[in-house]
Amino acid sequence: MMRLKRLHIRYYPPGLFLDYEKGGQLKTKSIDLLSLTPETDVNELLTDIRAAEPLITSSCVEQVKILIQKLQDKIGQKDDRKFYLFRALQAHILPLTNVAFNKSGSCFITGSYDRTCKIWDTASGEELHTLEGHKNVVYAIAFNNPYGDKVATGSFDKTCKLWSAETGKCFYTFRGHTAEIVCLAFNPQSTLVATGSMDTTAKLWNVESGEEASTLAGHFAEVISLSFNTTGDQLVTGSFDHTAILWDVPSGRKVYVLAGHRGEISCVQFNWDCSLIVTASLDKTCKVWAVDSGQCLSTLLGHNDEILDVCFNFTGQLIATASADGTSRVYNAKTFQCLCKLEGHKEEISKVCFNPQGTRVLTASMDKTVRLWCVSTGACLQVLEGHCDEIFSCAFNYEGDTIITGSKDNTCRIWH
């Protein structure tokens, strides 16, 4: 017997959470409303939801309706926000490698060649903790979002460390890679950390016990990028061997080798509903793959130099690319049409991301600027200037009202 206890809203991507009781245990499931627009007929949608979800009974229909209308209001909001420099921080003496927000953007982390990772309070600019212990460059860093109570650091010293974001204490050192760790990620449940290394393998580590859960061996060159799907049961790795591999997380088994690129892979990512993978390559193309078959559905052409970054928007309906040709492009993830070209940077673009609403694209470039673009028109809305060397990182917080940028000038900047 299942009993609904509570309904709540998820803004990005649009959806509802259902807290329910089953056999005396409290559980949560979600209803994705990825194609919701301000024009969606709420009554029709309600009928579909009720047909598909037995927990939604007549007694809570009115409440569901109110929540859907709230989501529609949020989606329909005009977004004319301008960003201004809020704070510039000289975070480390030696060069920065990476910057990352926690979910709300209340804290951020910086990794550095000085062998440390630092945790910062965004509002005050105060350093909360210095995570010391690595014996070489701290290269890959991440919060365990959405929780934000742990940080993982991957280093050129071949280890990954797991830390408490609250106290700064090191829980575990994960040892086993035989070369530099260059990428890492928490699964969405925050029970595993995945690390990718120059030793050609990825490894999964158990957050609770600190033990290695599995070694994912199958690539013939360094693993440069990795991404968990939303449910956490699959992982994709991208390698300099020109392939990506889809892995089954519980068994550590290879599901598919995604082969077809003619150059090194620079980035891999899943879409929200776990049906697609996008890969970016130095062969100047991106490819979109079907997760269920491992088939390449489309090759996204148009760039005339290496593609250095790629991402889906939160709903998985759009793909944005960043290229060494100095342009970014936005594609429709269903039709694979190029919707707009984002032209204006003077040098290569190393990083691209969408705001949570999917209405804006942010690009970070070697030309020392970050640009904010309108997805629907391709117009450049703002140039964020002030860094005095190339920018390698840019990110939004979950609400989309704060931006962080990291530069080779050794500062990170917070923009509101």
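Strands here are DSSP runs of at least two E residues, numbered from the N terminus. The model is predicted.

Start with P146. This proline lies in the loop between β9 (138-143) and β10 (150-155). The peptide bond that joins N145 to P146 is cis, with omega about 10°. Most peptide bonds are trans.

The two flanking strands belong together. β9 and β10 form a hairpin, with six residues between them. Their pairing is antiparallel and runs over five bridges. As for cover, five of the six residues of β9 are buried, leaving the strand mostly covered.

**Other backbone features**

A cis bond also runs from Y12 to P13, with omega near -15°. P13 is found in the loop between β1 (2-10) and β2 (15-22).

Most residues other than glycine have a negative phi. F336 has a positive phi, although it is not a glycine. K368 is also a non-glycine residue with a positive phi. F336 is in the loop between β27 (327-332) and β28 (338-343). K368 is in the loop between β30 (360-365) and β31 (370-374). K368 has a relative accessible area of 39%, so it is partly exposed.

| Site | Feature | Angle |
|---|---|---|
| Y12 to P13 | cis peptide bond | omega near -15° |
| N145 to P146 | cis peptide bond | omega about 10° |
| F336 | positive phi | phi about 65° |
| K368 | positive phi | phi about 80° |

A search of the whole structure turns up 10 aromatic pairs. In one of them, the ring centres of F83 and F396 are 6.2 Å apart and the planes meet at 65°, so the pair is edge-to-face. F83 lies in the loop between α2 (61-76) and β4 (85-90), while F396 is in strand β33 (residues 391-396), so the contact ties together parts that are 313 residues apart in sequence. Both partners are covered: F83 is buried, and F396 is buried too.

Ring pairs also build a cluster. Its members are Y11, Y12, W272, F314 and Y398.

The charged end of R10 sits over the ring of F17, at 5.7 Å from the ring centre. K29 does likewise with Y20: its charged end sits over that ring, 5.6 Å from the centre.

**Cysteines**

How many disulfides are there? The count comes to zero. C170 is in no disulfide, and the nearest cysteine sulfur, that of C160, is 9.2 Å away. A disulfide needs two cysteine sulfur atoms within 2.5 Å. C170 has a relative accessibility of 31%, so it counts as partly exposed.

C296 is in no disulfide either. For C296, the nearest cysteine sulfur is that of C286, 11 Å away. Its relative accessibility is 33%, so C296 too counts as partly exposed.

Technical notes
Residues are numbered from 1 along each chain as its sequence is written. This is a predicted model: local features need pLDDT of at least 70, side-chain atom pairs count only at pLDDT 80 or more; totals for chains, interfaces and linings use all residues. Side-chain values use heavy atoms; hydrogens and water are left out. Rings of Phe, Tyr and Trp (its six-membered ring) pair if their centres lie within 6.5 Å; planes under 30 degrees apart count as stacked, over 60 as edge-to-face and the rest as tilted. Helices (H or I, at least four residues) and strands (E, at least two) are DSSP runs, numbered from the N terminus. Buried means under 20% relative accessible area, exposed over 50%, partly exposed in between (1.4 Å probe, protein chains only). A charge sits over a ring if NZ of Lys or CZ of Arg is within 6 Å of the ring centre and within 35 degrees of the ring normal. Two strands pair if DSSP finds at least two bridges between them.
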